[in-house]
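Subject: Structure handover and what was found in it

Dear colleague,

I am handing over the structure below, and my notes follow it. Please read them with the structure open beside you.

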Amino acid sequence: MFWELFRFELYYRRRRATTYIYFLVIFITSFLVITGPTFQVAGTADATSPNSPYTIAALMVVLSFFFTMITSSLVGVSVIRDVEHGMAPIMFTTPIHKGSYLFGRYVGSLVTLILINTGIIFGALLAYEIGKIIPRDITWRTKEVLPFDGWAYLQPFLLFIVSNIFISGSLFFAAGALARRAIVIYSQGILLMMLYQIASTFYLRDLDSQFIAALIDPFGVQTFVYMTRYWTSAEQNTQLVPLADVLLYNRLIWTSIAIIFLIITYWQFSFTSKRGFTWRKKQLVVHEETVGPVIINAPVVSKQKSVFKQLLSTTLFHFRGIWTEVPFMAIAGSGLIVLFVNASGMDNMYGTSSYPTTSAVLTMLNSFALFFMVIMIFYSGEIVWKERQHKINSITDSTPIHNGPLLLSKFLSLCLVYLTLLVGFLVFGIVLQASHGYFDFDLPAYFGKLFGESFINLCLLTIAAMLIQVLSGNKFLGFILTVAFVIIIQLLPAFGIDHELAAYTSGSLENFSQMNGFGPFVTPFVWLKAYWTSLAIVLFVAAILFYRRGSARQPLTTTSKLIGSVALLSFIACGAYIYYNTSVVNHFENNRALKVKQVRYEKELKQFEHIPQPKIVAVNLSVDLYPDRRSFSAKGSYWLKNQDTVPINIIQVQHMSSPQLHLHDIDFGRQSKAIEQHDDLGYHAYEISTALAPGDSLRMNFAMEFTQTGFRSKPQNTDLAYNGTFIHSNYFPSIGYDSQFELTTDDDRRRFALNPRNEKLNTPRSEVNLYSKDADRVRFSMIVSTDVSQTPLAPGRMEKSWTENNRQYRQYTTTGTIPSFYAILSGNYKVASDKWNDVDLEIYYHPQHHFNIDRMMQGLKDGLDYYTKNFGAFPDSQIRIAEFPRYSTMAQSFPDMIAFSEGVGFILKVSEPTKDLDVPYYVTAHELAHQWWGQHVMAADTAGNAMITEGASQYSALMVMNHTFPVETMQLFLKYELDSYLKGRSAEKMREVPLQSASNQQYISYNKSALVFFALQDYIGENNLNTALKRFHTKFAYKKPPYPTSNDLINEIRKVTPDSLSYLISDMFEHITLYENQATEAAYRKVTSGKYEVTVNLSTQKLQVDANGHEVPVAINDWIDVGVYGEGENGKLKLIYLQKHKFTRQKNTLTITVNSEPIKVGIDPLNKLIDHHSTDNTIATGTIVELANSPLGY
Amino acid sequence: MELVINGLTKTYDNGVQALKGINLTIPQGMFGLLGPNGAGKSTLMRTIATLQEADAGSVRFDDIDVLKEKDKVRQVLGYLPQEFGVYPKVEAIRLLDHIAVLKGITDNTDRKNTVESLLQKTNLWNVRNKSLGTFSGGMKQRFGIAQALIGDPRLVIVDEPTAGLDPAERNRFLNLLSELGEHTIVILSTHIVEDIKELCTSMAIINLGEVLFKGNPSTSVDEVSGKIWKKKIRKNQLDEFRANYRVLSEKLLAGSPEIRVYSNTRPEGFDRADADLEDVYFSQLTSAT
C-alpha cells in the first residue's frame, strides 16, 4: 500500500506543471547566479576557482536556503491537497493504513523534491561549461576552471540540500498533516527563518556566539560559514566540508528534530478528525422552535452615506481581521523574538557592546525588516483576495461600495498594522534605552527611520504588491511576482541601472548620526519619496481600475480619475525636479561611468607621469567653511621647489575630479599658459615661461570653491556636513599625474583591457613617501573659518582665534614640518582639556558622547609616556582628538591631530574591565602611535609600508595596553586578532603576502601585526624590541628621502635578536607561518607533598605557505611555551608553570614538575603563535586522570 | 415596479452557452425561477446581481439599465448567492455590520438599528456574538438573508437558498422569505419545486439557457391537470415505457418504480394522478428535449 501511494504521489507530481516549473526555476537560478555579474555567493578570492568545491558547496547552501519556499509548497501541501480539494472524506474512508498514506505521500514528495533540486547541479554544470562563451559579464571569464569532479557536486548536495529537504520537509509535512491548513505551513517556514535570522545575528557577535550560531542554524548556512571561515584559496580549491565537528552536531540535532516531528505526525494524525495543533471549534447547537411566518421590514435608512465613515469602519474591520490571524501573530511574534534576542547585545567591537544609542537601537530594530517584508508580501495578497478566499465575494461585490474606498480600506488596514508595529518598536526602543540608563532618545532619528523610511517604503511596496495581486488574478502567482518585483528593484544597480529615479522606493535616510542628524540625505529623501508616493497613487488608481467586481471591472469614478491625474502630474513634476537636481545641476555618474573615467584618466594622461615635477615644500591655506551649505571656499599658495636636476617648465596641477569643485586663478608668479586641460578629469598642465631651475622655488597661488548646488543622487558627499565636517588634503590641488586615480582591482582592469597594476609591489620607490608623491615634508599654516557655532580644527599650534562677521576664525601653524597629509574638521564641539607635561591635550567631542572621554584622555597620556620614553620625543605642543560623524567608522591620525569617528570609540560601553576591551583607549593609543610611526617616520611608498605605519603602531598600542590591562583582556584581544587574521586571509582576493610586504591588507597590517609583534617582544624582550624601534626612529624621523622600507625596520630588529631566535625574523616577517599545536594526552602523579609530576603528549607542526599558496609543513626547531594551570583565586585557573621548550619533532612527550595540583596543561597555552586551531592547545580539566603510582606508559 | 429581461445571452469562454436569449418580465412579488442544475439559473441571477457580464440583451429594473448602471442596481439590491462563505472567526453581528457599511449605511444609529432588527427577525439574536465559523447550515443561510435585506432593498435575489437545508430549517427559511415579496421584487431561484409552490405567485422554468415556461404556478398546474397518469412498473420495464410514453418522472415507491407520464388521453393500464407543479416542471423539461 505504501508503494501504491508513493507511486501515485510520483505520478501525480510528474503530471503537474509546477514540478517542471520548479525544476526550471532552480536550474535557471543556479545558472544565472554563476554566470551573473555579481557572482559572489562564495569565493571572491582571485585564486579561488569559480568551480572550486568550496564555491559549489557555498552555492548549494545558499540556494538551498532560498528554495525552502519550494519545499514548503510541495511537501507541506501533499496532505492538505486532499482536504483542500474535498477529497479527504473519500481518501480517509478507504482502508489505507495511515502510515502508508502519510509516508507514501511524504516520501513521494521528498523524492520529487530531491529530483527538482538536482536543477542546481545541472544549472551549475551548464554554467561552467558555457559560461565563458556566452555574452554575459561574468566575473570569472579569465579564471581557470577546475576539471569536473562529480563528488564535489554530490557531496554538498547530500550534505546540505538533501538534509535540508528532509529537515524542513519533515517540519512542513508535520504542520500540513496536523493542522491541514496551508497557512500553518507557511508560518512554520517563518519560524525556521527566524532561527536562521537569530543564527546569523549571533554569528556577528562575539567569538563564542559563532559556535552557537553554527549549531542552531536550521539550514546550515552559518554552520558552513563557520566551518570554512579560515579556509584559504588553496583549501577552497581542494577541500570538501567534512561532516564533522559542528556540522555533524548541527545535522544531527536537526535531523533528530525532524524525525521527532515525523513520529509525532504519525502518532497524532487521524483520518477521522483534525487533531494535534489545531483549535477545533464545536458547532453551535441551538434549539429553535419552528417559527411561523415573520414580517421582515428592514428599517428604512437614509441613503446619505459618508465615504469617510465607510473607509474608517472597513479599515478597522480588516485591521482587526489581520491582528487576529494566527499566522500573522506567528510572523510578528517570530520577528519580535529575533528583536529580543538581538536587543541583548548591541553592535560591538572585540565583543564589547556599544551604548544603546538611537542609531544602534535602530540598527537592531532593523532585524525586523525581513519580517516586515514577509508581512507585506503575504498580507497584501491576503487582503486583496480576502473576500474571494472566504467566498463572500458575491455578497460584497454586489454591494454599492466603490472600488476606491473598498481597496483603500484594505490598504489602510495594512498601513495601520505597520504603524502599530512601528509604534511598538518606538516604545520598545525607548524602554530598552532607558533600561540601560541611556536617555538620549533622539526622537527625530526614531521618527525619521521608523515612520519616514520604513513606513513609507512599506506603504509603497504594499501598493505595488496590491496592484500585482489585482493584475495577476491569482494569489500565489501574485506572491511570486511580488517577490520577483522586490528582488528586481534591488538588483537594478547590478544591471547597471543605478539612477535613483529608476528603482521603486529608492531614497534612504541612511545612517543617523548624532552629530549630523540625517544630514545630506534628507532633501533627496523627501523628493524621492514624494516622487514614489505620487507613482504609488497612480498605481493604486490602476489597481482600482483593474479590480474585478464579479466578473467585470468597475469604471473609475471622477474622484479617482482626478486623484490619479493629479498624482501622475505630481509624479512627472517630482521626477523632473529630481532629474534636474541630480543630473542637470549636478552631474550623475553611475558606477560604470566612474570607472570609464578612471580608464580615460590612465589612457590619456599616464604619458605625463614621468615629466619631472617640483615638490611642494610649504602649504598655506585660507579656508572658509560654510557648514549650513555644506560648501567651502579656499585660497591657497604652495611653495614649489625643483628638487630635480633638470629645469622644469611644465607644471601639472591635479585636483579631485568633482563637478562641484572649481579650481581657478592658478598663478605661478610668472607667465604661464595651459597646455593640457581636462576639466572632467581634474587635470591641467601649464607651461611656465621661465623654467624653474634646479634648487629654485616658485609660489603657486590658487583659489577654489567647493559648492553644493541642488541635491545629488547617491552617494552623497558626507565629508562636508552641517555638523562634523571632515575634509582631507585631497580636496586641495596636488602636483603631477596621480596614479591613485587609476582603476585598482585586477578584475576591473581586466574588464577594461588594462594590464594588472602591481608596480608598487615590484619597484621599490623609497624616494616617495606613503602620503604624497608631490611632497616630502612641508611647512604648513592655515587660517580656517566656519560658522560661529562651530569650532574649526586643523593641524598645528593655534596662533590666533577670533570671530568676525558671525564667523569663527582660527589660525594654525605647525611647529616643524609635516607630511603633506592634513585634514580640516568643523563641528559644534564640547572640549575636554588636559595636560601631559607641556603638551596640551584636547578632545573635541559631540556633547552627547561624553562616556569615554576619560579613557581616551588616559590613552593619550599613557601613550605619550610610553612612546616618548621608548621611541623618541614628541615635538609638538598639542595633540587633539576631534570627532566626526559615523559615515565611516574609523580613526585616522594627522599631524598632532586625530580624527575619530562617532561610530568607533565614543559610544562603546566598557563596563567590565576583564570582559570588555577598552576600545577607545586602544584606538587612541594606536592613533597616537602614528605620530611616531607615520608622522615622524614616513614610510616609503613600497610594499611593506604597512609594517611600519600600522605594524609598529599596533605594537606600540599593545604595549601601552599590556601595561594597563589585565592579562585576560590582552588574551581576549589577541584572540580576536587571531580570528580576524585567519578570516581575513581566507577572504583574501589576491594572494596573501608576508608581513614585510603588507600594504593594504588590513588583516595583515593590523591583525597579524598585533599577533606577530606581541609574540616577538615575548621572545626577544620588550626592551630589546623597543631599542630597535628607537634606533629606527632616530635614523628616519623627519628625514628626507630615501624613506624607510620594511627591510630597514627588520634590519633593526635583527640586530637586537639573539641568534638562537633569528628564525623568528624569517618566520614572522619574511614568510607566512602557521602552527598546528595540540596537546593530545596528559596525566600527572603526586611525587611528594607539594610536588606533582605532569606528563603530557604534545604535537606541534609548523606550516609555511609556498609559492602556490599551499600550506606545507616545514622542519621545526622552535622554542614554544609549555604551560601548566593550577587552581588560582576564586576557583579560576592560574598558570603555575610557563617555560619555553625547544621542539624539534612533531610528537613530543614532556614531563614537568610543578608545586601544586595541575588542572590543565598544554603547548602555547596563551596563543602567542598563529595557530589554525587555537582551542586544542591545552587539554581541558577533567581529562587528566590521577594514576596512583604508575607514570604514563607510552 | 418590474424587471424586464430582454434577449439576454451569455456564452462562457469554454463555449458553454449559459443563456440563449432569455426574455422575462418579473413583476413585484415573489418570482420563482425553476430549473435543473446547470440550466443557467445562477448565470441569470448573477447577471441581474451585477456580477456577470452578458454578451447581448438587456435587463431593466424600472428606469435602471442593470447591465450598465451597476452602481444604481447595487444601491437597491439584496443578494443571497447560491454558495457563499463567511469569515469564520468574525462574529455574526460584526460581519453584518461590516456588510451594512459596504452597503453604504454609514450612520451609526441607522446601522445599529438595521443590524439588530435583522438579527432578531432572522432569529440570530441569541447567537449574534458567536463567530460565524460555528454556525450550522441553516443559521448561515439565515445570516445570508439577513445580509441581503440590509438597506431595505427593492430587488432581492435569492439563489438556491434551501439546497442542503433540513426540513425544519427549510420551513423556517421559507417563512422568512414569504413576507418579503410585498414591496419588492424577490427572485427565488431553485431546483426544488416545493419552494416555488409554497411561495411564488409567478414563475418561470428555464433549462439549457432558455425559458421554457412562464406563468402562474396554480394556473400552470391547471393546464396539465387531467393529463398526468401514473403506473407502478417493474424495474426492467423502464426502458420499454420510456420508449413508448412521455415519461415525466420515475420514483421509487416502496422499492418498485412508479412512473408518471404525460398524455392527453389515458394510456392503457395507467391510473389518473393528481397533477402538481412538479409535473408542470417535468412536462416542460421533457417537451423541450
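Two strands are said to pair if DSSP finds at least two bridges between them, and the strands themselves (E, at least two residues), like the helices (H or I, at least four residues), are DSSP runs numbered from the N terminus. Please keep in mind that this is a predicted model, in which local features need pLDDT of at least 70 and side-chain atom pairs count only at pLDDT 80 or more, while totals for chains, interfaces and linings use all residues. Residues are numbered from 1 along each chain as its sequence is written, and chains are lettered from A and ligands numbered from 1 in the order in which they are written.

In chain A, strand β15 (residues 791-793) pairs with β19(A) in the antiparallel sense over three bridges, and within that pairing T791(A) stands opposite G827(A). Strand β12 (residues 725-728) of chain A also pairs with β19(A) in the antiparallel sense, over four bridges, with H728(A) having A823(A) as its bridge partner. Is β19(A) mostly covered or mostly open? Five of the five residues of β19 (residues 823-827) are buried, where buried means that 20 or more other C-beta atoms, placed from the backbone, lie within 10 Å of a residue's own. In a regular strand the side chains alternate between the two faces of the sheet. For β19(A), both faces are covered, with A823(A), L825(A) and G827(A) buried on one side and I824(A) and S826(A) buried on the other.

Two helices of chain A, α19 (residues 403-435) and α20 (residues 443-472), have axes that come within 10 Å and cross at roughly 155°, the axes being lines fitted to C-alpha atoms over the stretch in contact, with angles running from 0 to 180 degrees between N-to-C directions. That angle makes α19(A) roughly antiparallel to α20(A), a label given to angles over 145 degrees. Residues are in contact if their C-beta atoms, placed from the backbone, lie within 7 Å, and those of α19(A) that meet α20(A) include L407(A), F411(A) and L414(A), while Y446(A), L450(A) and F451(A) are among those of α20(A). The residues of this contact divide into 17 nonpolar, three polar and no charged, where Ala, Val, Leu, Ile, Met, Phe, Trp, Tyr, Cys and Pro count as nonpolar, Asp, Glu, Lys and Arg as charged, and the others, Gly among them, as polar.

Turning to chain B, six strands form an open sheet with mixed pairing, in the order β6-β7-β8-β3-β9-β10. The strands β6 (77-80) and β10 (210-215) of chain B stand at the edges, each with a single partner strand, so one side of each is left without a neighbour in the sheet. Neighbouring strands of this sheet are turned against each other by 15° on average, direction ignored. Within chain B, β3 (residues 29-34) and β8 (residues 185-190) pair in the parallel sense over six bridges, and G29(B) has I185(B) as its bridge partner. Helix α5 (residues 137-148) of chain B lies across β6 and β7 (155-159), running at about 165° to β6(B).

Finally, how many residues of chain A are in contact with chain B? There are 42, and they touch 53 residues of chain B. On the chain A side, α13 (307-323) and α18 (393-397) each supply at least two residues, and the largest share, six residues, comes from α13(A). By class, that side has 17 nonpolar, 17 polar and eight charged residues.

With best wishes

Definitions and conventions
A residue is buried if 20 or more other C-beta atoms lie within 10 Å of its own, exposed if 12 or fewer, and partly exposed in between; C-beta atoms are placed from the backbone. Two residues are in contact if their C-beta atoms, placed from the backbone, lie within 7 Å. Angles under 35 degrees count as roughly parallel, over 145 as roughly antiparallel, 65 to 115 as roughly perpendicular and the rest as oblique.
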